[in-house]
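Trainee: Could you take me through how to read the pockets and the core of a model such as this one?

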Amino acid sequence: MARLPDPTANLQGKAAELYEELVATRSRIDGMYRTLLNHPDLLEHISALGTFFRFGNSVLPGLLREAAILRVAQKLGAGYEWVKHTGPALEQGLPPETIEALRRGETAPRMSTALRLTIKIVDCVLAQKNIPQGLQDDLIDEIGLDGVIELVALCGFYQMIAGVIFAFDVPLPPGSEPPF
């Protein structure tokens, strides 16, 4: 296993400050953030972007954000991301049947237009393909240009997070079952 040590027992200086900031925003930190506390300077930048997407001034609607994260998790087989974001997806109003369809790599029959377009754009990003102009224009009509740009960046962010999770064998949260 390539797990990194858990540095939380001896946090000092910037790492301790960052830990307290993250706990204040997220109520607790585990897994990936705990792993990245081994490099506080890098974690500071990564967590700032994560905070922007989830708790900051992002224009991307929460339901679409969480659906996109779940799609990234499913496509990459990133169980940790999936487990960590099913609760927020439900809180943002994503129906359980839609979450289950996403887990199976499918689309749900009653997805909104914006959600269906979001999933298609996530698939383009993950396939490293150009977004067809019509698809891009349609989603811009739904959520605006800034929203589409944030969606693409969000996909890249969660791909990076999945890379950290896989590379350092970050375990699923305690009591979780592998979703895939």
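Mentor: In the largest pocket, helix H5 supplies the largest share of the lining, six residues, where helices are DSSP runs of H or I with at least four residues, numbered from the N terminus. This is a predicted model, in which local features need pLDDT of at least 70 and side-chain atom pairs count only at pLDDT 80 or more, while totals for chains, interfaces and linings use all residues. Residues are numbered from 1 along each chain as its sequence is written, and side-chain values use heavy atoms, with hydrogens and water left out.

Trainee: What counts as a pocket, and which residues lie nearest the centre of the largest pocket?

Mentor: On a 1 Å grid over the protein atoms alone, a pocket is an open set of points where a 1.4 Å probe fits, with protein on both sides within 12 Å along at least five of seven lines, and lining residues have an atom within 4 Å of a point. Here 19 residues line the largest pocket, and Arg 26, Arg 28, Arg 54, Lys 84 and His 85 lie nearest its centre. H2, H3, H5 and H8 each supply at least two residues of that lining.

Trainee: Which residues does Leu 94 contact, beyond its neighbours within four places in sequence?

Mentor: In general, nonpolar side chains in soluble globular proteins tend to be buried together. With contact taken as heavy atoms within 4.5 Å, Leu 94 touches Leu 63, Ala 67, Leu 70, Ala 89, Ile 99, Leu 102 and Leu 115, once neighbours within four places in sequence are left aside.

Trainee: Which residues lie nearest the centre of the second largest pocket?

Mentor: That pocket is lined by 18 residues, with Gly 31, Arg 34, Thr 35, Val 170 and Pro 171 nearest its centre, and H2 gives the most to its lining, three residues.
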